[in-house]
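Thanks for coming. I will go through the chain interfaces, then some helix packing, and finish with a few backbone details.

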Amino acid sequence: MSDLATIAPFALAVGLALLVLAVDIAWPGRRGAVLGTTLVGLLMVAAATLDVGSGGARITAFDGAYVVDPLTTFLDLLFIGIVAFTIVFAPDYLEPRGLPLGEFAVVLLFAMTGAMLISASADLLVLFIALELMVLPGYMLAGYHKTDGYSTEGAIKYFLLGSFSSAIFLFGLAFVWGLLGTTRIEDIQAALTGGAASSPALVMGLAFLTTGVAFKIAAVPFHYWTPDAYQGSPTPVTGYLSVGPKVGAFALVLRLFVEALGPLSADWVQVVIVLAVLTMTLGNLVALTQTNVKRMLAYSSIAHTGYMLVGLAAFAVGRLEGLEGLLYYGAAYAVMNLGAFAVVGAIQRRAGVTSGLATFAGLGRREPWLAVLMTLFLLSLTGIPPTAGFFAKAYVILAAVQASQAGSAALGVLAVVAVLNAAAAAFYYLRVVVYMFMREPDSEQPVLAHGRLLWGGLVAASVLTVILGLLPGPLLDVVGQAARAIGS
Amino acid sequence: MADLPLLSIVTFAPLVGALVIAFAPARWARLLALATALATWLVSLYAVTRFDPALSGFQLVEEVSWIPLFGIEYKLGTDGLALVLVVLTTTLTWISILASFKPIQTRIKEYMVSFLILEVGMVGVFLALDTFLFYIFWEVVLVPMYLIIGIWGGANRIYATIKFVLYTLVGSLLMLVAILATAFAFQEANGGSWVGAFDFEVLRAHAATAGFGDALQMLAFAAFFLAFAIKIPMVPFHTWLPDAHVEAPTAGSVILAGILLKLGGYGFIRYNLALYPDAAQAYAPLIVLLSVIAIIYGAIVAMVQPDLKKLVAYSSVSHMGFVTLGIFIFQPQAMDGAILQMVNHGLITGALFLLVGVIYERTHDRTIAKMGGLAGLTPVYAAVFGFFVFASAGLPGLSGFVGEFLALLGTFVVNPWAAGVAALVMILGAAYLLWMFQRVVFGEPSEFLLGIRSHLSDMTPTEILTLAPLGALVVVFGLFPGILLDLIGGSVTSALDAVGHGSAISVDPLVPAVGLGIVVAAVIVQLANALFGGGGAGEDQPGEAAPEGAS
Amino acid sequence: MGLADNIDIYLALAGALFAIGTFGFLARRNAISMLMSIELMLNAVNLAIVTFGAFEPALQGDGPIIALMVMAVAAAEATVGLAIVIAIFRNRRTPLVDEYDAMRR
Amino acid sequence: MRAWLYLIGGLVAFGVVATPGLLVLLFFGGSSDDVMLASLATLMLVSGIAVVTMRDIIRCGLAMIVCFLALAGIYVILRAPIVAAAQVIIYIGAISVLVLFAIMLTQDKIAPARLVFQTQALPAAIAAIVLAVLIALAGVGTDWPGAVDRLSIATVAVANQLFDEYVLPFEVVSVLLLAAVVGGVFLAKREPTRRDEDSV
């Protein structure tokens with residue numbers, strides 16, 4: 001396959017972003033045109049991704065800087081799905097606030113190209129630039145409601161900490177590169193396997209890389225940008241930010257730590273275990289005290305990072321299931337969290353409505369279907385069967401349990417910490433249910449009309465949430481293939 | 001007919017009904033729900049006729065591969081124990097739905113849907129033969145119960161529901177870890193193949209032959225035990241129960257006491273004994289001790305409750321203590337007794353909660369001190385109430401007696417001390433129940449009741465209809481416990497085969513002595529509370545008081 | 001061997017500049033100052049990269065190219081960052097980051 | 001009077017920067033590169049510290065330009081003239097100008113720099129010093145494989161490599177810049193719409 005054919009999905013995605021930009025300039029303010037172009041284009045990108053990845057083999061291009069394997073295909077499709085959901089949920093929120101959809105779609109698509117490239121990187125330089133391509137649009141999206149003080153405040157904090165962590169990450173990258181003399185992931189892996197001497201510079205480089213990545217996935221104690229950025233952003237953006245960049249950052253972790261630095265897993269797994277415990281526990285504890293649903297979901301997304309790190313830790317001590325669990329968790333989390341944020345956004349359809357808990361009071365009576373769907377997403381986030389969130393959590397815990405029986409006692413502790421956290425999380429997720437069904441609103445709130453697109457997206461998300469919980473088989477196969485691509 | 005997936009129908013018929021109700025007009029919700037519950041009940045009765053008690057092992061098994069990667073299956077099957085409990089469930093469900101017709105006046109549709117989904121979960125727990133499937137049903141039970149208490153419950157319902165959910169989730173999630181660990185241990189032993197790793201029958205066979213490792217057994221047993229002990233509930237994991245009962249609507253209480261508590265006892269017999277027999281032996285003395293404490297503690301705390309519903313709730317703690325005692329003494333009679341006790345407690349306590357509901361409907365109060373002289377005001381009610389109070393107190397000839405008696409008999413063989421203490425409590429139980437009955441029913445009509453004389457009608461035909469089948473069963477099972485014993489004989493034998501018949505757990509006489517000491521201390525605290533604090537067992541923290549009144 | 005031929009000197013310099021930038025980021029309260037600090041950090045990275053390129057034959061041609069790429073990334077970051085600074089200044093009339101605390105109140 | 005102060009200040013600054021170079025010359029007898037490096041390094045660090053400590057943010061911006069210039073000089077010593085050129089064009093020509101522009105736009109006279117530092121300035125300083133020492137130690141403590149004398153880098157070779165081995169990152173960087181421009185224009189564009197604070 002020629003280089004160009006191999007990067008077709010990425011090239012198409014870039015082309016799509018430009019096309020949407022052109023459409024928006026040619027017919028300013030035509031939401032339908034933007035939406036249609038974007039969704040059809042995303043379908044084509046997805047088709048190209050499937051086509052390129054259909055062989056299931058590992059294909060490289062550009063002298064081995066670009067790679068397509070089942071992991072790439074899985075992650076690319078996941079990103080495309082995330083962006084598609086975000087685009088579908090966005091208009092209902094943007095329209096009443098007078099925010100344009102065109103630029104939103106363009107910037108979002110650029111972010112998607114970055115995320116797609118991360119998962120296809122076989123070179124540290126490409127990996128870094130792809131990372132920037134994913135996060136820079138994120139900063140802009142966070143500040144998308146630019147006349148709103150909260151949105152810009154979140155954006156500047158997100159930007160400053162993001163850039164700071166990028167610099168740290170890059171410094172670590174430079175040292176690894178200088179020490180091993182190559183930026184190709186394969187070569188790094190080979191050099192490390194071949195016993196490249198462990199030196200102070202390598203340890204330091206590793207420390208910088210870990211810190212930078214911990215910022216990107218918002219692991220405690222590097223999480224403090226999350227709540228402000230999430231709460232301030234326009235709600236559809238929050239949904240995207242809590243899922244897209246997180247999955248993207250985990251893609252980075254997989255390519256960098258699991259693949260390139262895989263031979264050093266014994267060194268970094270200790271850090272991952274500590275991070276996982278801190279992240280789950282503190283994320284949950286702080287989420288418990290929140291009275292704003294958006295902020296609560298932000299902190300809970302920190303906790304979910306912790307569960308995913310459990311999978312990573314289990315993989316690092318030798319269980320492939322950990323990696324599979326991590327990927328499954330990523331997909332499940334994307335669906336249920338986007339759904340939950342979509343409901344929050346739908347409630348805020350009228351400009352001026354906050355996402356405080358009080359807004360949810362009486363929703364069960366006011367808009368029963370919305371409340372029922374929200375309940376489903378919240379139950380899934382809690383991890384109650386038969387939902388996607390349950391199976392994902394069970395999978396990750398299974399991996400940790402396996403690892404602990406294989407002799408790693410720390411993983412056993414991690415599994416127990418994870419389930420206790422899941423139980424604690426029930427408290428704040430169910431509190432929203434309490435407000436929706438068991439509290440009467442302080443003031444009368446009007447029933448809102450929601451777009452058909454929003455309903456379509458919500459139904460799709462809820463159906464996926466249930467299917468991923470009840471019939472995990474097909475996705476398990478995909479995830480297994482993806483995990484074996486880098487983890488064997 | 002033989003090919004009909006009978007158990008799946010019993011399990012999922014309520015779900016179908018729930019879906020229909022969700023999309024049907026609200027005014028049909030009640031009748032549709034009742035029809036669904038009755039149909040399910042009839043199917044479950046038909047399943048009983050298809051069941052052959054003479055055969056050992058599981059019957060009517062249905063098996064479909066579900067998540068082949070891990071050997072997880074959709075597998076249902078039943079033995080006598082499960083079948084008895086399923087029929088108890090389907091029976092109480094339709095009675096509860098019928099009993100909810102009048103009390104539940106808001107969001108009827110949502111209520112009926114929740115109730116039917118609850119039934120799916122409960123029946124599924126009893127019938128699942130795959131540990132993963134079992135866990136899913138186990139958690140499915142949680143959500144509708146949460147909604148039933150949280151939406152249609154009393155003033156302090158939000159506090160109660162959160163407590164209920166957190167207790168239950170902590171236990172069940174640790175159980176999930178244990179389920180996964182067990183499956184993985186099996187997979188390792190099985191040469192890396194996942195086939196059968198979640199299949200209960202395969203696991204049980206493995207436990208009986210090769211056996212699981214000691215460390216796994218001890219930890220996994222503890223995790224399962226915690227989940228079930230919270231559900232049953234055993235002292236000291238019981239504190240959610242009084243809150244949940246007090247706040248739950250009547251039908252919720254009936255199901256909670258009648259079925260949900262049995263999930264714990266069923267779990268002990270089905271999973272703890274069969275999968276981790278060595279650990280069961282090791283833990284048994286401790287559990288017997290806890291059981292004796294629960295029996296005494298529950299009875300004494302019940303005695304000082306000022307609230308009718310709380311009294312019945314605490315009596316449940318005491319009665320369920322006989323169940324755990326009977327199970328973990330590893331004696332055939334005792335286990336027979338434990339299972340009978342589960343069924344009978346379901347019938348009797350269910351009825352008692354219904355009766356408390358009847359009086360609450362009329363008076364909007366449950367304080368014992370405000371009652372009195374009901375015998376004169378509502379004679380039918382007083383008579384029915386008396387019947388079930390006597391049944392609960394263990395009057396010979398009624399079913400409550402049989403279970404407790406058998407459990408004590410079995411215990412006596414192994415551990416006369418424990419049996420002796422528990423027997424004393426039977427008398428105590430009679431005492432507090434009869435004292436309560438005396439205060440409520442006899443004597444002069446109280447000021448309070450006279451004040452609302454006009455609302456104080458006697459029982460309606462619907463109410464009698466809900467209680468009549470329970471009463472009939474109490475008499476039948478009291479006189480002919482053999483019906484049940486025949487059905488469950490196979491289950492008891494196989495459970496005891498796993499763990500070792502009548503294994504001589506020599507419980508030190510110290511054990512009941514220590515238990516008695518703890519209880520005496522508890523009694524003093526309770527009495528002090530009752531005298532000076534006016535409150536209950538220290539569990540009525542103010543909690544998260546809901547701003548609005550009961551709905 | 002002369003001072004300028006010692007790789008450690010350059011790396012120490014890079015480290016010092018990186019640390020200065022880190023200090024600036026953590027200690028300053030003005031958004032633009034923080035952005036400038038980040039630029040210092042990125043320059044430190046570049047110095048390290050060019051150093052590796054200059055001292056290791058295997059990386060001879062790669063150092064400058066990677067450094068150029070990093071510069072381009074820095075330019076993109078600065079564009080976005082300053083755009084956000086201007087947008088927030090329109091709302092809040094202050095560039096001091098620690099006064100952006102509306103959501104914690 | 002004022003002019004004299006500036007002159008003296010300039011002399012002192014020159015002295016600070018030139019002294020290390022002279023010292024190197026005197027004590028180590030270093031080559032011209034060594035002398036240049038010592039002076040430029042000093043200039044870079046001093047101006048870098050000025051960037052993060054000075055009260056007036058406009059002067060911080062100017063100090064940053066000096067810092068970048070010194071760094072460009074160091075790149076020349078490292079025999080990477082193309083990077084030095086890019087440093088001047090991109091960092092000084094584009095980024096610094098952009099920063100100064102933003103400073104002019106946003107510095108309000110009513111918001112003087114009362115407090116330059118956050119409360120955690122002292123711990124941050126300690127952390128930074130520890131960090132610098134650690135990085136230096138890590139560099140010194142590592143035996144860099146294949147480290148030889150400084151190599152000259154032929155510009156033509158760089159160009160060839162850029163469009164051969166590095167064509168993918170090159171293209172992606174262009175996409176990145178495009179994305180930044182699109183978003184930057186949207187964010188910085190003044191909207192006619194109202195100012196509202198509601199979305200939280």
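A salt bridge here is a side-chain nitrogen of Lys or Arg within 4 Å of a carboxyl oxygen of Asp or Glu. Please keep in mind throughout that this is a predicted model. A:Arg58 sits in the loop between α3 (31–53) and β1 (59–61) of chain A, and A:Asp69 in the loop between β2 (66–68) and α4 (70–89) of chain A, so the pair ties together parts that are 11 residues apart in sequence. Over all chains, the search of the whole structure turns up 20 salt bridges.

Now the chains. Which chains share the most contacts? Among the 4 pairs of chains in contact, that is C and D. Chain D brings 85 residues to this contact and chain C brings 76. Together they bury about 7200 Å², with 74% of that on carbon and sulfur atoms. D:Val52, D:Tyr91 and D:Gln118 supply 8% of the area that chain D buries against chain C, more than any other three residues.

How many salt bridges cross from chain D to chain C? The rule finds 0. Polar contacts do cross this interface, in 7 residue pairs, both residues being at pLDDT 80 or more. On the chain D side, the elements giving two or more residues are α2 (32–53), α3 (57–77), α4 (81–106), α5 (121–141), α6 (155–162) and α7 (167–188). The largest share, 13 residues, comes from α4(D). Sorted by class, the side of chain D that touches chain C has 60 nonpolar, 13 polar and 12 charged residues.

Next is the interface of chain B with chain A. Here 38 residues of chain B are in contact with 37 residues of chain A. The buried area is about 3400 Å², and carbon and sulfur atoms give 77% of it. B:Arg107, B:Tyr146 and B:Phe184 supply 16% of the area that chain B buries against chain A, more than any other three residues.

This interface has 1 salt bridge by the rule. The side chains of A:Glu440 and B:Arg107 meet in a salt bridge, at 3.6 Å from N to O. In chain B, β1 (59–67), α5 (131–152) and α6 (157–189) each supply at least two residues of the side that touches chain A. The largest share is from α6(B), with 16 residues. By class, this side of chain B has 31 nonpolar, 2 polar and 5 charged residues.

As for pairs that do not touch, no contact joins chain B and chain C, and their closest C-alpha atoms lie 24 Å apart. Nor does any contact join chain B and chain D, where the closest C-alpha atoms lie 26 Å apart.

Two helix pairs within chain B next. Helix α3 (residues 80–100) packs against helix α10 (residues 250–275) at an angle of about 170°, with axes 9 Å apart. That makes α3(B) roughly antiparallel to α10(B). Residues making the contact include B:Leu85, B:Leu88 and B:Leu92 of α3(B), and B:Val254, B:Ile255 and B:Ile259 of α10(B). The residues of this contact divide into 11 nonpolar, 5 polar and 2 charged.

The second pair is helix α16 (residues 399–414) and helix α17 (residues 416–441), at about 155° with axes 7 Å apart. These two helices of chain B are therefore roughly antiparallel as well. Among the residues that meet are B:Phe401, B:Leu408 and B:Phe412 in α16(B), and B:Ala419, B:Ala422 and B:Met426 in α17(B). By class, the contact has 10 nonpolar, 1 polar and 1 charged residues.

Last, the backbone. Where are the cis peptide bonds? One runs from A:Val220 to A:Pro221, with omega near 5°. A:Pro221 is in the loop between α10 (200–216) and α11 (226–232) of chain A. Another joins B:Ile232 and B:Pro233, with omega about -25°. B:Pro233 is in the loop between α8 (214–231) and α9 (240–247) of chain B. Finally, B:Leu60 is a residue other than glycine with a positive phi, near 55°, and B:Leu60 lies in strand β1 of chain B.

Definitions and conventions. Residues are numbered from 1 along each chain as its sequence is written. Chains are lettered from A and ligands numbered from 1 in the order in which they are written. This is a predicted model: local features need pLDDT of at least 70, side-chain atom pairs count only at pLDDT 80 or more; totals for chains, interfaces and linings use all residues. Side-chain values use heavy atoms; hydrogens and water are left out. Contact means heavy atoms within 4.5 Å. Buried area is the accessible area (1.4 Å probe) that two parts lose on being put together, summed over both. Helices (H or I, at least four residues) and strands (E, at least two) are DSSP runs, numbered from the N terminus. Ala, Val, Leu, Ile, Met, Phe, Trp, Tyr, Cys and Pro count as nonpolar, Asp, Glu, Lys and Arg as charged, and the others, Gly among them, as polar. Axes are lines fitted to C-alpha atoms, for helices over the stretch in contact, and angles run from 0 to 180 degrees between N-to-C directions. Angles under 35 degrees count as roughly parallel, over 145 as roughly antiparallel, 65 to 115 as roughly perpendicular and the rest as oblique. A polar contact is a pair of N or O atoms within 3.5 Å; within protein, one must be able to donate a hydrogen and the other to accept it, and residues adjacent in sequence count only if both atoms are side-chain atoms.
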